[in-house]
Amino acid sequence: MCVINASSSPPAGAAVHGQATAVELAGITKRFPGVVANHDIHLTVRKGTVHALVGENGAGKSTLMKILYGMQKPDEGTIAIHGEKVSFSSPADAIVRGIGMVHQHFMLADNLTVLENVVLGSEKLYGIGAKARRKIKELSERYGLGVRPDVLVEELGVAARQRVEILKVLYRGATTLILDEPTAVLVPQEVDALFDNLRELKAEGLSVIFISHKLGEVLSVADEITVIRRGTTVGTAVPAETTPRQLAELMVGSELPTPETAESTVTDRPVIAVDKLRLAAPGGKALLDDISFTIHEGEVLGIAGVEGNGQTELVDALIGLRHADSGVIRLADQEITSWATRKRREQGIGYIPEDRHRHGLLLEAPLWENRILGHVTERPNAKGVWLDPKGAQEDTRRIVTEYDVRTPGIDVTAASLSGGNQQKLIVGREMSHKPRFLIAAHPTRGVDVGAQAAIWDHIREARREGLAVLLISADLDELIGLSDTLRVIYDGKLVADADPATITPEELGTAMTGAAEGHLEHEETPETPADASTSAESPEDEAR
Amino acid sequence: MKKFDKERVLLAVAGPVIALAVAFVLSAIVLIASGKNPVEPFALMFEQAGFSDIQVLIVNQASMYYIAALAVAIGFRMNLFNIGVDGQYQLAAMMAAVVGAHANLPAALQVPLLLLTAVFTGAFWSGIAGVLKVTRGVSEVVATIMLNAIATSLIVYMWKPDVFGVKVGNNNTTGEMHESGWIPGIDMGAAGEIYGLVILAVLLGIGYWIVLNRTRFGFDLRASGASESAAAASGVSPKRMVLTAMLLSGAIAGLAGLPILLGDTHTYSLNFPTGIGFLGIGIALLGRNSPVGIAFAALLWAWLDKASPELDFHGYDKEIAVIMQGLIVLSVVVSYEAVREWGLRRQQRRVGAELAAGHVLGANNTTKEVAGR
């Protein structure tokens, strides 16, 4: 079965289908001060199709889309829109040509209504009054977006905000939509609803460029797939003739790793016990409420939940960045509720932070100083009150080798490494101090597939040796695959639990919207949720 | 990885060199614009630096600049802007002068007493700003500016004859200090005397480097400056670190006026040098908060100060030196940021290039890495 064209042929391939080309990128090269640049990229998007652009994080997808959206200029190569060569010097030029971008992080003003958000910056098109409202309603109905113009954006859930973003782009006359990782913030049911919307767009003759690294989604929604690896397009594929495995191999040049853990290593010796933890915002609203759980030696407890439901606060409370208003945290047989962060870390709490740039690294410091960060009082970094640079440097070399951190040396700044290598350094650092309890918040976010497998291996290995892990992840496959126990967090409460051996991502997704509580049982006939779009409205997004 | 070390030296030197070159050129333009010879003033000032008596003046002046700049730099290292060094050192010098005039212990006790008086006065004054920041969230910039004004008023108050003041002619002084508190200078013959406390400045510089680079505390302080959030997650208590850094900064600031007080004037009078704390900000900037860099910057500043009066005798305005100091600070800010960004980008590019070439430390997967290209 030959589904993969060589990268030089797509332009010809497009013509065979006999459909007009919406966007054609040819020979795009972008030399960029960084690790990955775009190199000789070819991408052809036909009119009225969903074209997926897949690749690992850091493969160069975002750079390419920034070029297409006019945010960056290519050094070489041409962009053609509807057969016409163009050159963009700003996003405004791209918008005029009908290119619209839905960013991964929404650009909406919470305290304005949907109507106000949509017309903001484009007041000249249809005014700001009745005419604009009519246009919004018309677009919403035509593409099945279900957008209500007069609601405040802050009242909307994540999925609804995303639809507002899409409408915003359509309102400006876009005929080609770029969606940058649109499913990253959605639960599975919301993803299905989004895909329905995309099919509507496609039926109306619009083109969609769908950026993702989730292969399952790509195969279900795309008409055509272009794979990008190490900054260059390595092939195109048609979903009907491709399996996820083939795509994955194309993406990384090797097989996709799976996060499944073999046999249970859970013991009955509790390592960390949290009892009725409560944390309130200054206004009195509970960010965490009645949180209780116990993690034993050799156990991975996975926390599932839509972002912004209390995960960050839970991690902060456990590492000591915030102190709980009430409740008790015990590490083995010691109560640690009032301990400061440093003492907790010294006593064996490892921490892989959610945002490694903000909480895990000193970006402009050399790698060996980053190896000291968080463990400055411990060997081999210090002897008494004195630092031990030699010891730290030696140990950094060991970590770099053992954890396969790709770097030319330990004196380069952390900022010059790619995200995956930064993460491997952090994992190596935390594991080097033999933690009893590891807080792993999104341990493989933004990490390429190879590094992901390595990080999973390290967590599994430590778990065999009796490590207790709290795993927080937005990647449901990772959660289900690595965890021994699953809990669902919703609105600051642990609302449901599940057995990772039997649960499916869809069932977990339902609970993440707050629709299910208690113990989740796997049902043999997985019912499709009756109204995906209503359940999609419910998760509150407090992050913005 | 010697290559990257050389790189770091290059980056460290590039910023100041560019800044100084730009400042010289701009000053020359100012001279041309005012119809003067753009080269001769510099030639005159360079010539001054060759005279041994001027050299002694430069070293003495630089010692005070150096201590003040160290005080500012400690704050800078953790993103605290202690503008209050000026008030702190003046108040500290006055308190030391007052104690020195009233207490009369043997020299072995008197000198430490005076040093400690200055240290604690400086730390107390900056500590007020620190406490305000930690407990009430008051910006240390605002608080220290206010405290400068208060310090000035306090000094005027203490000069009153019924408080600690002694009138000498038209001059306000705090009275002559007892001789046990005087610190003998290093005799340079006809050139004059170098203040004994120049050695203190050198020791402070060495101590500063050791504390910052070789102690856990210094690491925490630098981490707090580099990323407050990462430092907090690593276990640094941000509030305690702010307060400690403020106290340390003030303690060092308190010593800035002592070389001249204990080595020369022996009283705190209207003639006592002011503004050293503000100059220290520019010097710390130019010296990139590094003890060696600050030393060069302090000497440069002192040279501009002490060599410029000669210009008046040759028909130039000595204010050229002040213009130049201002231009240096301006160019420093711009050139350092530019060099920093350039350096980061350059290193990212080099790391990318080295990785692509397969130069990976502990290369397990080198072949895989190269195969992708």
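Start in chain A by selecting strands E11, E12, E14 and E15: in this predicted model, they make an open sheet with antiparallel pairing, in the order E12-E11-E14-E15. Now colour E12(A), residues 286–296, and E15(A), residues 334–335: these two stand at the edges, and each has a single partner strand, so one side of each lacks a neighbour in the sheet.

Zoom in on the E15(A) end. Strand E14(A), residues 326–331, runs antiparallel to E15(A), and two bridges join them.

Time to zoom out and colour chain A by domain. The domain assignment gives domain 1 as 21–252, domain 2 as 262–348 + 435–521, and domain 3 as 362–433. Keep domains 2 and 3 of chain A on screen: their centres, taken over C-alpha atoms, are separated by 26 Å. Where they touch, 14 residues come from domain 2 of chain A and 14 residues from domain 3 of chain A.

Which elements give two or more residues to the domain 2 side of that contact in chain A? Select helix H12(A), residues 341–346, and helix H17(A), residues 449–464. H17(A) supplies the largest share of this side, five residues. Colour the domain 2 side by residue type and you get eight nonpolar, two polar and four charged residues.

Now hop over to chain B. Its secondary structure comes to 15 helices and four strands, and its C-alpha atoms fill a box of roughly 85 × 55 × 35 Å along the principal axes. Chain B has 373 residues, of which 48% count as buried. If you draw the contacts in chain B with a separation of 6 or more, 74% of them link residues 24 or more positions apart.

For the last stop, select helix H12(B), residues 276–286. Is this helix mostly covered or mostly uncovered? Mostly covered: ten of its eleven residues are buried. Among the buried ones, pick out Ile276(B), Leu279(B), Ile281(B), Ile283(B), Leu285(B) and Leu286(B), along with the glycines Gly277(B), Gly280(B) and Gly282(B). Then step past the helix to Arg288(B), where phi is positive, near 55°.

Note on methods
Residues are numbered from 1 along each chain as its sequence is written. Chains are lettered from A and ligands numbered from 1 in the order in which they are written. This is a predicted model: local features need pLDDT of at least 70, side-chain atom pairs count only at pLDDT 80 or more; totals for chains, interfaces and linings use all residues. A residue is buried if 20 or more other C-beta atoms lie within 10 Å of its own, exposed if 12 or fewer, and partly exposed in between; C-beta atoms are placed from the backbone. Two strands pair if DSSP finds at least two bridges between them. Two residues are in contact if their C-beta atoms, placed from the backbone, lie within 7 Å. Domain bounds come from an automatic or database domain assignment. Ala, Val, Leu, Ile, Met, Phe, Trp, Tyr, Cys and Pro count as nonpolar, Asp, Glu, Lys and Arg as charged, and the others, Gly among them, as polar.
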